[in-house]
Structures are given as structure tokens and as C-alpha cells.
Amino acid sequence: MCGIALHACHSHEHSSHNPAEQAAYLARRGPDHQGSVTLDLGGSLHATLSASVLHLRGATTHAQPVVLPSGSVLCWNGQVYRGHGVEDAPHASDTALLARLVGELEAAHPEDDPAAFGKGLVALFESLEAEFALVLVQPRERRAWFGRDVFGRRSLLVRATATALDVASVYLPGGAEVAADGLYTADLAAGDVAASVQRIPWTMPLTQLNDDLDERHAVDLSLPGCGDVTALPAERDLPAAHLAALDEMHALLSASVRARVLATPPPTGTSDDAGSIALLFSGGIDCSLLAALAHTHLPAAQPIDLVNVAFENPRVQHHGTQAGDTYDVPDRGTARTRIAELRAAFPSRTWRLVEANVPYPETVAWTSRVASLMAPATSEMDLSIARAFWFAARGTPPAARVLLSGLGADEQLGGYARHRAAWEKRGWAGLCGELALDVGRIATRNLGRDDRVVADHGREVRFPFLDTRLVAFLARTPVAVKCDPRRARGVGDKILLRLLARRVGLHGAAAEEKRAIQFGARSAKLTVGSGRVTGTMAAVVATAET
């Protein structure tokens, strides 16, 4: 993982760019190397590219920015999991691979045809299974390229004016999220740089992945035994089509987890006290299933850390609604129950529950930092979720540089209460529309924010449920196979995932109902006397005097 940034402008222009402060933010994302390259683009025009590196793959740290044979400069923040032989060498440096592939693409395209080169870049990245953001500057063409993958699984912000272009992973006051709908290019020598920005769209956007989410796929799909709506059907009673979907879901999710846990550095220290993988762990079905699948692919001696965060919440304590210890929040109890289930199901593995407790003064002291990281997200809900992830990442053991997240399961498999509400109001068509809406806005609602806050501790978060092959499979799967709201809560929602959890031995997890992290960890509504607070309100950043 890396922090990347570009600042391009004319030297005589006044700029709000603060390179020292931005460099400090970038360095926290990549503690193993920091570098920069400044390009003279002719006249007073110049561009500075900066990068920091968190070393996760390759025998040695691959320094960035990378200067290509043509003189172009690449900043790459991402992981390639599939394509161009990566599957056979998961520990090899994907930065080196990307530099070679982009260099070859440049050599094959003339300098005066940026559209053809852009289409070539799109084709290159669509040939890979990768979570990424990138910036590329071609000095001879005085042109910049930048973008994120189709789900926006890595943060990238942009601020463009008539005379300057800034792109960065984090800390860009006044910047906006780069849309995850294609690659963007800007003519840095144009009279109006902002007006020159153009998009070359992905050929497989999220809207196309969701074409199959419609009412036609929900006709006559009741499962045998639907009379008992409170229990999962036995696997032996599933119709052939449902069983085939369960088998494919199992294979695809397992392969996604495998790719993401093997593309890591070997554990540091002795085998019994260090592991390179941890999970953001509430004890719910999504993260518990990922833990079980990670177990099947990691070396037997490598421990797996399950990071569970809990907040001291003065408001809850004031109203007397919390019994027991300050940190006995709902997710803490669920996590303790679930780790016991994992230990029983997989006794050969060392499972470690890492309890990250956050005193209220710590929350207050660091909230302004979290708010600066999550920007341009500004809502109270954004802040409550961002602080939960920031403190969870802070509490992760030092050796675990990779965190797995269950994000994407609820959006695709109908895990939110609003999915059931949509079905109750508008039937299958309403449910399908709500699922399509949720998948389509993942990039803008969640992923950039989560990447920025987790990476602030030199951790990389990975999303197995957002592997493109898995997403495409779920998009074409009949909706009632993956989500059947005719059944009870904790049964029909995410029913395909519940069946899979039960298959791998997690019977308790298979019955767990959805709980949002901000309520499970009690990171929301912390302040006594703050009145009614809703998630859509603008966040109020607490201070020590609050």
C-alpha cells in the first residue's frame, strides 16, 4: 500500500497546496519509504509527484514514485491479486509488474493519441483483479492520468482549478473523491486545466454488473420448508439450483480470501507470536466467515488476530443503559462468543481476540484527526464509523499490516433493514432496486473514507466480498437465493451467506443478526446533552471542553 500525490501548477501561481502537511499524512500511510519526483514541464509549468510505501510484497521495498523508461512517472497504490501471472507469485512486487506493463503500453502507442493510450490503460486494468488508485504523469505530453478501480477500494481525492491540478490519497482540503467510474486525464498545459479533465469509462461499470438485479429473477423461488420461516433449510433439502449457487459462492469467496491473505509479507518474529493478517471483527456473520476461510489458506502455525473495538460512551452511562464493564458493548459480547465458536470449529489455529478499548478522553483527543482523514465525508454517521475503524486499526498488533473487512456483504446479499423494508413496500422489484442502489454507491459512501482512516496507522484494508468475479456472480444470482425476506430476520437476510457459514461449521454465526458497527461498538452519540442526533447531520467535532 502507498500514499500517493500529484501537485501540478505554474511556479508563479499562488497555491493553497501545503506540501509539508500533506507529506506528513502520506508518510503515515507508508512508513517504509517516502520519495518525490519533480518534473519540469516547460516554461513555468512543473509537477511534483510524491509517494510513501507500506512494504507488503516483494523481497525488498519497491521505491516510489517509479520513473518509467519513457520518462513518465507512476505512483501506484494498490494490490493485484489476479492476472498476468500474479496468482503464481503472490508475494512478488505488483508495483514492478505495473511499471513494466504501463511502460510497454506507452511504447506501443504514439504520443499524439492520448485517447488510444487511455483505452489501453482501461483494458490493462480491467484485465486484472486489483484494488487500486494511481497517478501517472507523461512529461512529453504534459498530461496526467489518475483514477480508482471500479469499486473505489483505494482512496483518491482531486482538486482542479484553471491553473493547477492536485490529486492525493489523503489530506486535500477542498478536494472531492475521484469518481470510480473510469480513468481520468488532464492536459496540464491547457489554458483551463479543470476544463481539460476528461473521463475514459470502465467498460464494465457497476451499473452493468447490476443489470441482472431485477424482478424477473425473483419469480417462483420459494425454498422447500418455507412454512418454517424461523429456520434455515437443511442443505440436503436445497433445490439443485440453490445448491449450485451455494457451491459457487463458497468457491469464489474462498478464492478471494486466499488471494488477499497470501499477498502479504511473511510474519515477522516467531511463528507463535506474530501474524501478518488481522480482521476487523464484530463477531457478526460476515467477518466470522472471512476468518474461517482465512484459516483454510494460512500456514497452520500462523495466528489470526481478530480486532474488536469498544468505546467508553458517557451518554449511554448517563442514561443507565449499560450494565457491567465500561467496554461491555454489544459487539464485545458477540466477538467473545464468536471466537469461542471459531476455536471449537478450528482448534488447530491460534485465534487471538484483540480488544481495543477507547476511553472517552482518547476519543475527544483524536476526533479532529479522524475528521480530517475522512474528509470530504462530513456526516455524523461518517464520523462514528470512521472513528471506530481508526481506533481499531490503531489497536491492531504491529505485525499485522493487512486487515480484512466484511464490507460489501450487506450491500449485495440484503443485510440491511432497508432491504426488508423495500420488499415489504414494493415487493421483489423494490428489493432488487435497493440492492442495485447499494452496490452502485459503495465507492462514494464507504470505501474511500475507510481506506483513509485505516491507512493512517500503516495498515491496508482489503475487501474479499468485493472481488469482481464474486460481485458479478451475485449480480446474476436470483435475488431470493441470496436474500429471502419472506423468512424471519436472522434467517432470510443474507440467506446464502448463512447457509455457507453453517456449512463451514459456524452455526452460531449463521444465526447472527445485523448490527451496525457504530452501535455495536458504541462509537456514535457519545456526548451527554447533545440532543437528538441523526446520522445524516453534519458531524460536530468534540473538543476537550465539550
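Biologist: How many salt bridges does the count come to?

Modeller: The count comes to 44 salt bridges. A salt bridge here is a side-chain nitrogen of Lys or Arg within 4 Å of a carboxyl oxygen of Asp or Glu. This is a predicted model, where local features need pLDDT of at least 70, side-chain atom pairs count only at pLDDT 80 or more, and totals for chains, interfaces and linings use all residues. Residues are numbered from 1 along each chain as its sequence is written, and side-chain values use heavy atoms, with hydrogens and water left out.

Biologist: OK. What does arginine 154 meet in a salt bridge?

Modeller: Glutamate 460, at 3.5 Å from N to O. Arginine 154 sits in the loop between β7 (143-148) and β8 (157-160), and glutamate 460 in strand β17 (residues 460-462), so the pair ties together parts that are 306 residues apart in sequence. Helices (H or I, at least four residues) and strands (E, at least two) are DSSP runs, numbered from the N terminus.

Biologist: Are arginine 154 and glutamate 460 buried or exposed?

Modeller: Both arginine 154 and glutamate 460 are buried. Buried means under 20% relative accessible area, exposed over 50%, and partly exposed in between (1.4 Å probe, protein chains only).

Biologist: And aspartate 467, which arginine is its salt-bridge partner?

Modeller: Arginine 260, with 3.3 Å from N to O. Aspartate 467 is in the loop between β17 and α15 (468-476), arginine 260 in helix α6 (residues 240-262), and the two are 207 residues apart. Aspartate 467 counts as buried at 2% relative accessibility. Arginine 260 counts as buried at 0%.

Biologist: Which residues do salt bridges with shared partners join into one network?

Modeller: Arg82, Glu129, Glu131, Asp149, Arg153, Arg154, Arg260, Glu460, Arg462 and Asp467.

Biologist: Back to glutamate 460. Which glutamine side chain has a polar contact with it?

Modeller: Glutamine 79, at 3.2 Å. A polar contact is a pair of N or O atoms within 3.5 Å; within protein, one must be able to donate a hydrogen and the other to accept it, and residues adjacent in sequence count only if both atoms are side-chain atoms. The glutamine 79 side chain also has a polar contact of 3.0 Å with the side chain of arginine 57.

Biologist: Where is glutamine 79 found?

Modeller: In strand β5. Glutamine 79 counts as buried, at 2% relative accessibility. Leaving aside neighbours within four places in sequence, its contacts (heavy atoms within 4.5 Å) include Arg154, Glu460, Glu129, Glu131 and Arg462.

Biologist: New topic: rings. How many aromatic pairs are there?

Modeller: Twelve aromatic pairs. Rings of Phe, Tyr and Trp (its six-membered ring) pair if their centres lie within 6.5 Å; planes under 30 degrees apart count as stacked, over 60 as edge-to-face and the rest as tilted. One of the pairs is tryptophan 76 with phenylalanine 132, stacked at 5.4 Å centre to centre and 20° between the planes. Tryptophan 76 lies in strand β5 (residues 73-82) and phenylalanine 132 in strand β6 (residues 129-138), so the pair ties together parts that are 56 residues apart in sequence.

Biologist: How does phenylalanine 132 pair with tryptophan 202, stacked or edge-to-face?

Modeller: Edge-to-face, at 6.1 Å centre to centre and 85° between the planes. Tryptophan 202 is in the loop between β12 (198-201) and α5 (206-209), 70 residues from phenylalanine 132. As for burial, the relative accessible area is 1% for tryptophan 76, 3% for phenylalanine 132 and 6% for tryptophan 202. Ring pairs link Trp76, Phe125, Phe132 and Trp202 into a cluster.

Biologist: What lies over the face of tyrosine 25?

Modeller: Arginine 369, at 4.2 Å from the ring centre. The rule takes NZ of Lys or CZ of Arg within 6 Å of the ring centre and within 35 degrees of the ring normal.
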